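Student: I would like to go through this structure by question and answer. Where shall we begin?

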Amino acid sequence: RDWLWDLFTFIAYMSIPLEILLVGYTIRKKLMEGSFTFQKLMLLLVGVLFVTFILSCGVTHLLAFLHAWECTSAVAPIPPYCIGMLERGPMSSTITIAKATTSIVSCV
């Protein structure tokens, strides 16, 4: 049951930005003290890119979970897109786009 691990991985990925928000809220006061410098801007940009990367990784696992769950809970006759699970079907292009977005964000 790989789809169950996709769900757990999605939950783990979603906990990372939540923790960053909670810790970032306390650090924000120190970050905003004084003038806004280039270093502070770069730190903010790196933080936003990291959170975007983590969220896109989590969304990829969520889409894989939803697709697998839909295919495993299907009653006879099995929908044709469930044969070959992630290779084809209505969610396969969405998962591919999510993985491509993850790759692009990680390269930035």
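**Helices, rings and surface**

Tutor: In this predicted model, Trp5 and Phe8 are both in helix 1 (residues 2–31), three residues apart, about one turn of the helix.

Student: How many aromatic pairs does a search of the whole structure find, and which residues form an aromatic pair that is edge-to-face?

Tutor: The search of the whole structure gives one aromatic pair. Its rings are 5.6 Å apart centre to centre, with 65° between the planes. Planes over 60 degrees apart count as edge-to-face. The residues that form this edge-to-face pair are Trp5 and Phe8.

Student: Does Trp5 count as buried or exposed?

Tutor: The relative accessibility of Trp5 is 57%. The cut-off for exposed is over 50%, so Trp5 counts as exposed. Phe8, at 43% relative accessibility, counts as partly exposed. For Trp5, the term is exposed.

Student: What is the secondary structure of the protein, and which pattern does it follow along the sequence?

Tutor: The protein has three helices and zero strands. Read along the sequence, the pattern is α-α-α.

Student: What percentage of contacts between residues at least 6 apart in sequence join residues at least 24 apart?

Tutor: Contact here means heavy atoms within 4.5 Å. Among the contacts in the protein between residues at least 6 apart in sequence, the share that joins residues at least 24 apart is 70%.

Student: How far apart in space are Leu21 and Val51, C-alpha to C-alpha?

Tutor: Leu21 is located in helix 1, and it is exposed, with a relative accessible area of 61%. In sequence, Leu21 and Val51 are 30 residues apart. In space, their C-alpha to C-alpha distance is 9.5 Å.

Student: Is Lys40 buried or exposed?

Tutor: Lys40 is in helix 2. Leaving aside neighbours within four places in sequence, Lys40 is in contact with Leu31, Met32, Glu33, Gly34 and Ser35. Its relative accessibility is 16% and the cut-off is under 20%, so Lys40 counts as buried.

Student: Which residue has its backbone oxygen 2.9 Å from a polar atom of the side chain of Thr60?

Tutor: Thr60 lies in helix 2 and counts as buried, at 10% relative accessibility. A polar atom of its side chain is 2.9 Å from the backbone oxygen of Ser56.

Student: What accessible area do the residues of the nonpolar patch on the surface have together?

Tutor: The patch is formed by Met32, Phe36, Phe38, Leu41, Met42, Leu44, Leu45 and Val48. Val48 is found in helix 2 (residues 38–72). A patch residue needs over 30% relative accessible area, and Val48, at 47%, counts as partly exposed. Together the residues of the patch have an accessible area of about 760 Å².

Notes. Residues are numbered from 1 along each chain as its sequence is written. This is a predicted model: local features need pLDDT of at least 70, side-chain atom pairs count only at pLDDT 80 or more; totals for chains, interfaces and linings use all residues. Side-chain values use heavy atoms; hydrogens and water are left out. Patches are made of residues with over 30% relative accessible area and no salt bridge: like charges are joined within 9 Å, nonpolar side chains (Val, Leu, Ile, Met, Phe, Trp, Tyr) within 5 Å. Accessible areas come from the Shrake-Rupley method with a 1.4 Å probe; for residues, only the protein chains shown count as cover. A salt bridge is a side-chain nitrogen of Lys or Arg within 4 Å of a carboxyl oxygen of Asp or Glu. Helices (H or I, at least four residues) and strands (E, at least two) are DSSP runs, numbered from the N terminus. Buried means under 20% relative accessible area, exposed over 50%, partly exposed in between (1.4 Å probe, protein chains only). Rings of Phe, Tyr and Trp (its six-membered ring) pair if their centres lie within 6.5 Å; planes under 30 degrees apart count as stacked, over 60 as edge-to-face and the rest as tilted. A polar contact is a pair of N or O atoms within 3.5 Å; within protein, one must be able to donate a hydrogen and the other to accept it, and residues adjacent in sequence count only if both atoms are side-chain atoms.
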